[in-house]
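Here are my notes on the model, as numbered points. Please read them alongside the structure shown below.

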Amino acid sequence: MYMLRILSLVTVLLSMLSGCNKDETIVDSDTGKLTVTLDSDDGVYVVTPGNTVTVMATVSGAVDPRCRWIDDDDRTVCEGESMTFTAESVGEYYFVFSCIAANGMASIDIRIDVVDNLLPSVSLPDELSVIAGESILIEPALSNADDVEFLWTVDGEEKSHDRNYTFTSDIPGTYVLALSVANSEGKAESSTIVTVVERPPLSVIFEKSIVTTILDRPVYLKPEIGGALQSYDYTWDVDGVVQTDVTGGAFLYKPVGAGKSDVTLTVCDGDMCESATVSVECLPHTQSDGFRASGSGSSATQVKIFEYMPAPGQFVGRITAASMEEACELAGRAVNTGNYVSLGGFGGYIVAGFDHSVPAAGYDYDFGIAGNSFDTSNEPGIVWVMQDENGNGLPDDTWYELKGSEWNHQETWQDYAVSYFRPSSKGMPVPWSDNRGQTGTVVPAPSWPSWVDAASVTFRGTRLKDKTSKIGHIWQNAPFGWGYADNLGSDIVSGGANSVGGANFNGFSISNAVFPDGTPVGLLYIDFVKVQTGVMANTGVLGEVSTEVLGFIDYSMGGR
């Protein structure tokens with residue numbers, strides 16, 4: 001989550017700052033540009049209770065600067081370019097170092113973790129696979145990893161002392177990859193299984209065994225296909241009749257009328273073939289039959305949350321729940337009162353429904369979603385919409401993506417999937433692996449959703465190429481053109497440039513709903529909206545780039 005800083009935290013007991021001093025300010029007369037840097041790459045400092053840590057900031061290019069350190073209660077706790085901190089209680093403590101000068105201003109966030117001890121911790125993904133002869137870079141999740149020694153072994157044989165390890169083998173089989181990390185406080189270990197295959201088995205899997213549609217609306221069928229060579233031959237049939245005009249891995253199938261059909265795809269990769277079947281039920285009505293008009297008791301802004309499933313993230317722990325039902329209730333209270341919920345890293349999502357259908361009324365925008373974007377903080381959320389095609393009041397029909405400015409870009413990936421693995425202890429970075437052979441970690445100190453008991457979770461969706469950059473020690477997330485939540489694009493309806501990080505609304509047009517091949521769906525209205533974090537990026541102490549949602553609005557009822 002990229003924010004100016006945390007506006008509210010659980011009250012902490014500080015022994016307060018035990019010392020402050022002001023160093024001579026450095027003025028960069030050549031550039032005249034005011035910059036702030038820290039003596040830590042990620043802005044995170046670690047100390048044990050009762051001990052002190054000194055944070056040093058360097059200010060460059062400033063004319064007559066006045067600098068101070070501000071805590072989460074907006075109190076100035078120290079002036080100058082260094083701060084010495086002591087706390088007796090374990091916890092996370094956040095500060096902003098801010099400088100105002102005659103030629104501008106600059107600020108930077110820091111976090112101080114007070115921990116019981118400085119024992120290192122390490123976690124690896126639960127399992128990995130790679131094709132013989134190919135490589136996979138493995139980035140471990142670590143905490144208290146300053147001044148540690150690394151030892152990587154494969155089946156007990158020492159391989160590397162580097163922080164990250166690139167695994168490769170020409171011989172198919174199963175390997176035990178282990179990492180040991182040690183410092184003066186002690187040692188921690190983690191291991192994973194790496195499966196090396198000469199040729200991965202072919203698989204064909206439809207996400208659902210039954211899909212529904214309505215009269216005059218096609219259904220887009222595209223299963224997940226796994227295998228090594230990807231030089232496939234595809235054969236589609238409907239109720240046993242081969243569709244000779246469909247030769248690819250996707251089928252925009254339009255039923256001829258109401259009823260059920262079985263659609264089968266057979267995929268062959270050389271001498272290997274696999275098939276999968278999905279049942280398509282065409283309901284005996286058109287979309288206009290399901291429209292729910294707004295009435296005197298309808299609300300333009302109050303929604304029901306049906307799912308709140310964030311990916312691991314720094315501020316996911318703002319909502320603590322024992323079940324999905326409770327998480328939805330708490331998330332609903334937040335967004336219906338203008339407070340934010342964080343969707344965490346890539347793929348995390350929230351599903352909301354109005355108490356009526358939102359029509360595609362022909363205005364510039366049909367509905368809006370509130371975020372907290374500003375010029376250097378944009379965390380784009382992909383927006384999906386759904387009609388209640390089967391009329392059961394639940395978001396269990398077909399999601400359609402609203403295309404945005406990045407839709408046709410080469411660096412926009414559809415069908416991108418990421419698996420996150422629960423770390424060995426709370427507060428550690430969370431390791432992940434994706435369906436493109438990449439691994440990484442979510443940092444710093446992300447929370448795992450409290451209502452998710454699984455050891456791993458997988459998210460699938462559309463991934464945008466991030467626009468995250470670091471200038472000196474300052475992180476920036478540049479805006480995308482249009483079509484995304486929590487993004488200062490050309491589609492900002494209200495809230496403007498939002499320099500203070502408050503709420504602003506992006507507007508969305510239902511006419512931009514498309515099938516995965518870009519074909520317009522032609523929706524006359526929608527009943528449900530899903531917002532999903534669309535990038536995978538970390539921004540140092542500011543955490544992962546994660547979409548924030550602060551509310552929804554139906555513009556057909558006013559408020560435009």
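1. Strand E5 (residues 66-71) and E6 pair in the antiparallel sense, over three bridges. Strands here are DSSP runs of E with at least two residues, numbered from the N terminus, and two strands pair if DSSP finds at least two bridges between them. In this pair, Trp69 stands opposite Cys78 of E6.

2. On provenance: the model is predicted, so local features need pLDDT of at least 70 and side-chain atom pairs count only at pLDDT 80 or more, while totals for chains, interfaces and linings use all residues. Residues are numbered from 1 along each chain as its sequence is written, and side-chain values use heavy atoms, with hydrogens and water left out.

3. E5 and E6 belong to an open sheet of five strands with mixed pairing, in the order E3-E9-E8-E5-E6. Its edge strands are E3 (44-47) and E6 (76-79), each pairing on one side only. The twist from one strand to the next averages 25°, with axes being lines fitted to C-alpha atoms.

4. A four-stranded open sheet has antiparallel pairing and the order E40-E41-E31-E45. Strands E40 (492-494) and E45 (551-554) are at the edges with a single partner strand each, so one side of each has no neighbour in the sheet. Neighbouring strands of this sheet are turned by 35° against each other on average, direction ignored. Strand E31 (residues 367-371) is joined to E45 by four bridges and runs antiparallel to it; Phe367 stands opposite Asp554 in E45.

5. Where is Asp517 found? It is in the loop between strand E42 (513-514) and strand E43 (525-533). Asp517 counts as partly exposed because its relative accessibility is 42%. Not counting residues up to four places away in sequence, Asp517 touches Tyr220 and Leu252 (contact: heavy atoms within 4.5 Å).

Technical notes: Axes are lines fitted to C-alpha atoms, for helices over the stretch in contact, and angles run from 0 to 180 degrees between N-to-C directions. Buried means under 20% relative accessible area, exposed over 50%, partly exposed in between (1.4 Å probe, protein chains only).
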